[in-house]
Amino acid sequence: MEKWEEEYALPHVLVSGKAFWACSRTTQCLHTFGRNVGGPLQTCYENMKGFSCSFRLQTGEAIFQDVRRQEQISLMPGKMGREVWDSAKDVSADALVPYIRSGVSMWGVMLDGENIWNVHPVEARFWSTEQRRFALRTPLDSYPISLRYPLEIAKVLDKHFPVAGAPQTSESCPVISVRIAPFSTFYVFYSDGSYYNYYDIPRGTVRNYKRLRLYISEA
């Protein structure tokens, strides 16, 4: 088989304590050239136990495998740029207006009520000229909900991969498939400390974030 070096953009990041998962969009085309085309696929990586996850949104199938099935793997930090707004600092929402109007790439880093940092690109930006506040929207995408909870996903992995440190060869590394419900990456952040997610929309509910940090990348 031909060997390839692969690189994936991982725009969706979840951080809980020291553990994180970094996920691609769910828009990768699963296919075998010349044979068949499957549904969209997502690729996720974590930093604690050495596993990757392939997620099929249409079926809810999450496929976990030991990263030692690959010859070598490295997680490279992305260039989010510089911080332009932080809810923990005494900075007016007006400070964001130049970046809303400039068209630069923007990222939202939000600490929610579960003490999980949610990192997502900002897809749309709005500024209220009357109320002097911003509203920022992230993309409508998904990831396996269990990735939000390190202890929960560790139970799944420990059940199927009980021997820490083994196996040593890619051929002996098992692959497991489990069903996991998706969780949406869609949020709307406001400068007044409130936000809502995809599931709040039909309920008409609004939440309060613990902290929101905004970054821009001008490259």
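These notebook entries record what I looked up in the structure above.

**Entry 1. Ground rules**

I note that this is a predicted model, in which local features need pLDDT of at least 70, side-chain atom pairs count only at pLDDT 80 or more, and totals for chains, interfaces and linings use all residues. Residues are numbered from 1 along each chain as its sequence is written, and side-chain values use heavy atoms, with hydrogens and water left out.

I take helices (H or I, at least four residues) and strands (E, at least two) as DSSP runs, numbered from the N terminus. I call two strands paired if DSSP finds at least two bridges between them.

**Entry 2**

I looked up the partners of strand 11, which covers residues 133–137. Strand 10 (residues 124–128) pairs with strand 11 in the antiparallel sense, over five bridges. Within this pairing, phenylalanine 134 of strand 11 stands opposite tryptophan 127. Strand 11 also pairs with strand 15 (residues 187–190), again antiparallel, over three bridges. There I found leucine 136 bridged to phenylalanine 189 of strand 15.

**Entry 3. Positive phi values**

I recall that most residues other than glycine have a negative phi. The hairpin of strand 10 and strand 11, where arginine 132 sits, has four residues between the strands. Arginine 132 is partly exposed, with a relative accessible area of 40%; on this scale buried means under 20% relative accessible area, exposed over 50%, and partly exposed in between (1.4 Å probe, protein chains only).

Asparagine 115 also has a positive phi, near 60°. I located asparagine 115 in the loop between strand 8 (105–111) and strand 9 (117–121). Its relative accessibility of 43% places asparagine 115 in the partly exposed class.

**Entry 4. Glutamine 42**

For contact I used heavy atoms within 4.5 Å. Leaving aside neighbours within four places in sequence, the residues in contact with glutamine 42 include Cys23, Arg25, Cys53, Phe55, Tyr143 and Pro144.

**Entry 5. Salt bridges**

I recall that side chains of opposite charge can pair when their charged atoms come close. The rule I applied is a side-chain nitrogen of Lys or Arg within 4 Å of a carboxyl oxygen of Asp or Glu. By this rule the model has 12 salt bridges.

Arginine 148 and aspartate 112 form one of them, at 2.9 Å from N to O. This pair links distant parts of the chain, 36 residues apart: arginine 148 is in the loop between strand 12 and helix 2 (150–160), and aspartate 112 is in the loop between strand 8 and strand 9. Arginine 148 is buried at a relative accessible area of 2%, and aspartate 112 is buried at 4%.

I next looked at arginine 133 and aspartate 192, whose closest N and O atoms are 3.8 Å apart in a salt bridge. Aspartate 192 lies in the loop between strand 15 and strand 16 (194–197) and arginine 133 lies in strand 11, so the pair ties together parts that are 59 residues apart in sequence. Aspartate 192 is exposed, with a relative accessible area of 52%, whereas arginine 133 is partly exposed at 27%.

Glutamate 83 is partly exposed, with a relative accessible area of 25%, and lysine 89 is partly exposed at 47%.

**Entry 6. A nonpolar patch**

Leu140, Tyr198 and Ile201 make a nonpolar surface patch of about 320 Å². Patches are made of residues with over 30% relative accessible area and no salt bridge, with like charges joined within 9 Å and nonpolar side chains (Val, Leu, Ile, Met, Phe, Trp, Tyr) within 5 Å. The accessible areas come from the Shrake-Rupley method with a 1.4 Å probe, and for residues only the protein chains shown count as cover. I found leucine 140 in the loop between strand 11 and strand 12 (142–144). Leucine 140 is exposed, with a relative accessible area of 59%.
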